[in-house]
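Here's a quick briefing to read with the model open beside you.

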Amino acid sequence: MKRIISILALLGVSMAFAAGLSAQQPSREQMEAMIAQMPKIPNSDQLRIGRLDNGLTYYIRHNELPAGRAEFYLATNVGAIQEEYPSQDGLAHFLEHMCFNGTEHFPDKAILDYLRSIGAEFGRNINASTGFEETQYMLNNIPVERESVVDSCLMILCDYSHFVLNDPVEVDKERGVIVEERRQRRTAQWRSMERSLPLYFGDTKMSYTTLIGLQEHLLSFDPQALVDFYHTWYHPDMQAVVVVGDIDVDRTEQKIQEIFGVIPACENPRQKAILELADHDEPRVGVITDPETVSPSVEILWHSPANPESINATIVGQLSDIAEYLIGMIMNERFSDILPLMTRLNESRPYL
């Protein structure tokens, strides 16, 4: 109970702060200046953070549970929303697949062959995911009793980062794989999500960005469009390497600096466009049906401007997230309480 009261008290401070800003209606420049003065929540002293001259950021932490294992991640601040439509439709996800189909240091299927040779499995230990705004590559629960394995895993991430070949022959081989994945994933829920995007995002690029793309385009796009997407967006200042596990932090940092340091900094990098949703006075209402839907659902959304990224590591940013979470939880509970009553009312009405 004391913890809940403390959280609510802090939320009161945060909301009062926000209300004060709203009443004064500060300019964007004033907001940025105030945010810059906010104290940042300190990182753990066990976390090693660094940034290379080419812009790549890295995070390293020693963790012996479980012993002899480590996790490796390449986080890229790039997703499907960066695609040029329609020439690059679905290519952010297609590129994720090509990272396993030949790189400068691991031709053909050498990445998968090597990782399998040390006991890793595709899907369970070797995977990747593509979203609207980010793409992640992960090597999970990798046995690292030998230091050379750490070096090899870092080299694999480095190749993902800058040295994917995107061989047109391999691209053509992968088209059918992507189309089959698309077929399997386009369930009633997925199709309903795609049809919901215009309601969520209005007249913006997000409303027609589908993550996996149209089948006709996946079978026919020019491989050069994939190369262009890769070289436009995959550069060090848009990427971060994360290593957590039973590793020597100093040695791992040195290896990251050696391996990733050879990647040149991007000259005149393209900046990500900021998605802004236009306000609307009337609610958007949509009824979406699909012949394969097995259960009905109701979704209610409120949209509002995103907090500046610089606020995320401050106490105000963290408390704002807690406030949104609590409000959402309360609304869900209230709607859950209403549903049985609405069901009884509907059952009591005579059918016409």
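Helices (H or I, at least four residues) and strands (E, at least two) are DSSP runs, numbered from the N terminus. Counted that way, the protein comes to 11 helices and 6 strands. This is a predicted model, where local features need pLDDT of at least 70, side-chain atom pairs count only at pLDDT 80 or more, and totals for chains, interfaces and linings use all residues. Residues are numbered from 1 along each chain as its sequence is written, and side-chain values use heavy atoms, with hydrogens and water left out.

**Overall picture**

- Of the 352 residues in the protein, 38% are buried; buried means under 20% relative accessible area, exposed over 50%, and partly exposed in between (1.4 Å probe, protein chains only).
- Take the contacts (heavy atoms within 4.5 Å) between residues at least 6 apart in sequence: 81% of them join residues at least 24 apart.
- V316 belongs to helix 11 (residues 315-348) and counts as buried, at 17% relative accessibility.

**The nonpolar core**

- A nonpolar core here is a set of buried Ala, Val, Leu, Ile, Met, Phe, Trp, Tyr and Cys residues joined through side-chain atoms within 4.5 Å.
- The largest one has 59 residues, and F72, L115, V241 and F260 touch the most other members.
- Helix 5 (residues 147-162) gives the most to this core, with 8 residues.
- Leaving out residues up to four places away in sequence, L115 touches A120, I126, L139, C153 and I156.

- Two packed helices are described by the angle between their axes and the distance between the axes.
- Axes are lines fitted to C-alpha atoms, for helices over the stretch in contact, and angles run from 0 to 180 degrees between N-to-C directions.
- For helix 4 and helix 5 the angle is about 155°, with the axes 12 Å apart.
- That makes helix 4 roughly antiparallel to helix 5; angles under 35 degrees count as roughly parallel, over 145 as roughly antiparallel, 65 to 115 as roughly perpendicular and the rest as oblique.
- Helix 4 brings I111, Y114 and L115 to the contact, while helix 5 brings S148, V149, S152, C153, I156 and Y160.
- By class, this contact has 7 nonpolar, 2 polar and no charged residues; Ala, Val, Leu, Ile, Met, Phe, Trp, Tyr, Cys and Pro count as nonpolar, Asp, Glu, Lys and Arg as charged, and the others, Gly among them, as polar.

**Helix 3 and its partners**

- The axes of helix 3 and helix 9 (residues 223-233) come within 10 Å and cross at roughly 90°, so the two helices are roughly perpendicular to each other.
- L91, A92, F94, L95 and M98 of helix 3 meet A225, L226, F229 and Y230 of helix 9.
- The residues of that contact divide into 9 nonpolar, no polar and no charged.
- On helix 9, the buried residues are P223, A225, L226, V227, F229, Y230 and W233, and their cover includes helix 3, helix 5 and helix 6 (168-185).
- Helix 3 and helix 6 have axes that come within 10 Å and cross at roughly 115°.
- Helix 3 uses H93, F94, H97 and M98 here, facing E170, V171, E174, R175, V177, I178 and E181 of helix 6.
- The class count for helix 3 with helix 6 is 5 nonpolar, 2 polar and 4 charged residues.

- Most residues other than glycine have a negative phi, and most peptide bonds are trans.
- L65 and P66 are joined by a cis peptide bond, with omega about 0°; P66 lies in the loop between strand 2 (57-62) and strand 3 (69-76).
- Y85 and P86 are also joined by a cis peptide bond, with omega about 5°, and P86 lies in the loop between strand 3 and helix 3 (91-98).
- D108 has a positive phi, near 55°; this residue is in the loop between helix 3 and helix 4 (110-117) and counts as exposed at 52% relative accessibility.
- N141 has a positive phi near 55°, sits in strand 5 (residues 135-143) and is partly exposed, with a relative accessible area of 29%.
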